[in-house]
Amino acid sequence: MTTATVTPPPFPRPLPQLTVDPGSVAELAGELLAASARLDDTGELARSRGRLALWEGEAADAYRSDLAPYGSTADAMSLALRGVGRRVEDHADAMRRLAAELVDLTAANRLLVDEVFGCTEDARRWQARAATGSAAGDPGLVEEGRALQLRCDDVARRVRTLDTAQTAWWERVGIEETAMVDAFGGVVEVDQVEQRYDDATDPADVALATRPGRGAPSLVVLAWWRGLTRAQRQAVLVAAPGAVGNLDGVPADARDEANRLRLARDLATLRHLDDVGQLAGGERDTLDNAEATEDALDRHATDVDAHGRHVPSYLWIYDPGAYVQDDGSVDGRVAIAVGDPDTADAIAVNVPGIKTEAADIGDDTDRAWELHQSATAADPDRTYSSIAWLGYDAPRAADDLHGIEVAASSAAADRGGDLLARSIDGLHAVAGDDADVVPIGHSYGSVALGSALTHHDLGVTRAVVVGSPGMGEGVHDVGDLHLGRGRLFVGQNQDDVVAGLGQNGSFGLGSIGHGQDPADSGFGSTRFQANAGEGHDDHSAYYDNDSESLHNLGAILAGRDPEPAGSVHDPWWRWADDPERDAPSDLYDTDQDGDTDGVPRRRAS
């Protein structure tokens, strides 16, 4: 027995080091794809001979003759960059997977190191005991040694398995790195690019030739998109991002990729023009709108909800130069979704009011984020998407007679209602007919929402308005909105002057708003507590963090009942009574961060 030994297991090999930032790799991919899109535009410009139809003569002919060859070169370079950009995208995904695998390998390695240490120390102690004369021939000690050897053998087997896994992991890293070198190495020189891609058919051309026409139903658009091959979809996103980025029926992740490419292209082009002093006319406003969109996306790029879950944002609509105003300035259409609208259990579409411009998308995205947080607090088991929808040309500030006239008109609301209905139809097409879409109109946005509900079948079971001056002339109750009684939820701060512009009672005397007050007792709505409280703006605080309004908006989005408030009542012989007047304003921890100036409290009935 004195010669008996227990063989301890070997230590696992040290882990290789991997220094990589997949996020930066993904950013490079985006820059390459944006450059490909710009080159595609250059190729189109060259093929159209500079689009200088009015330029004639010998110089014009020479210009067009010299320009034409650049079209095919630009097209070839665009295809080359597109291929490299897609390969870099795949590299970013691969590096994320490999980095995650390395975390698991590291944990397994550390566990086995501890087990090897334990086996080695136990084997040393056992052999010391076995070497003593008193322990020689002890059957219990012999059995203990056999059990210890089995344990050491099992650890050794797991070390070999881990070493094999580490070798395979490192080989995959090498294969991925080699593939990246090959992707770039094949398009280093212009001659290489032209030899490989000259006269090559662009998959985007075939796909775009079958694209449904303007105004096609969202379901038709979705069928077209799903019928494309992966290569065709990827090609379209780069070659013609503007053709699909705002196309209702295209899934949110594809719209986001297309619109971010378009945003990157716009920023590069307009910032260059600004640097060389050639930014003209409304291009300054377009650049401001693009930069505001970039900032809005950055604000919540790394944010997590109260449960530590990352909430992605999607650039769902992007058209920074959509609307040219009477004074020559330019406004845009932008919508950012906080949370995936295609997979969420409930989707809020937040429609803002007057004075809202594309340059304000950051603040509206903040409000969408707060609502997402509030709904998550109300029911953390459901998933949500909250869309900041600046998708129509809202009236500008009513600070002069013309502005007041525009704000009092329903024309912008009717156009906005059509666009809103189109967007909601797109949500239903991708997410399904039973998608729980909840439109929320603030101020003049409630007039646009009223128009959408009146003239279109939105397929929604409930809707919300806050700070509403009325939902349109001729809208007297929820029946006109094709909603059931109690399925329109109304938030009206007691001191909100705009919300007091709607008509009340049978006579509706003195109203300069947009029809009947939706908080009126005869409207058939459900009013919820929405008083702003001290330190909050009376008309703009409905999405303020920790407010009773945001708490109740979150509850509604989560499918729960809000805290009720009394309806406005007009006794016809005097001004309407508001039972919420002078009621206290409750405080709620709507984002579950533990930070509020008070605690939730129920009012005295």
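Leaving aside neighbours within four places in sequence, which residues is L453 in contact with? I looked this up in what is a predicted model. My list for L453 reads L458, V460, A463, M471, L481, H482 and L483.

Next I checked the core around it. L453 is, with W389 and L488, one of the residues with the most contacts inside the largest nonpolar core, which has 42 residues.

Then I turned to the aromatic rings. My count came to four aromatic pairs, taking ring centres within 6.5 Å. I looked at F11 and F117: their ring centres are 5.0 Å apart and their planes stand at 70°, so I put the pair down as edge-to-face. F11 sits in the segment before helix 1 (22-47), while F117 belongs to helix 2 (residues 58-130), so this pair ties together parts that are 106 residues apart in sequence. Are these two buried or exposed? F11 is partly exposed, at 42% relative accessible area, and F117 is exposed, at 51%.

Last entry: R255 and W316. I found the charged end of R255 over the ring of W316, at 4.0 Å from the ring's centre.

Methods: Residues numbered from 1 in each chain as written. Predicted model: local features only at pLDDT ≥ 70, side-chain atom pairs only at ≥ 80, totals over all residues. Heavy atoms only, no water. Phe/Tyr/Trp six-rings, centres within 6.5 Å; stacked < 30°, edge-to-face > 60°. Helix = DSSP H or I, 4+ residues; strand = E, 2+ residues; numbered from the N terminus. Buried < 20%, exposed > 50% of the residue type's maximum accessible area, 1.4 Å probe, protein only. Lys NZ or Arg CZ within 6 Å of the ring centre and 35° of its normal. Core = buried A, V, L, I, M, F, W, Y, C linked by side-chain atoms within 4.5 Å. Contact = heavy atoms within 4.5 Å.
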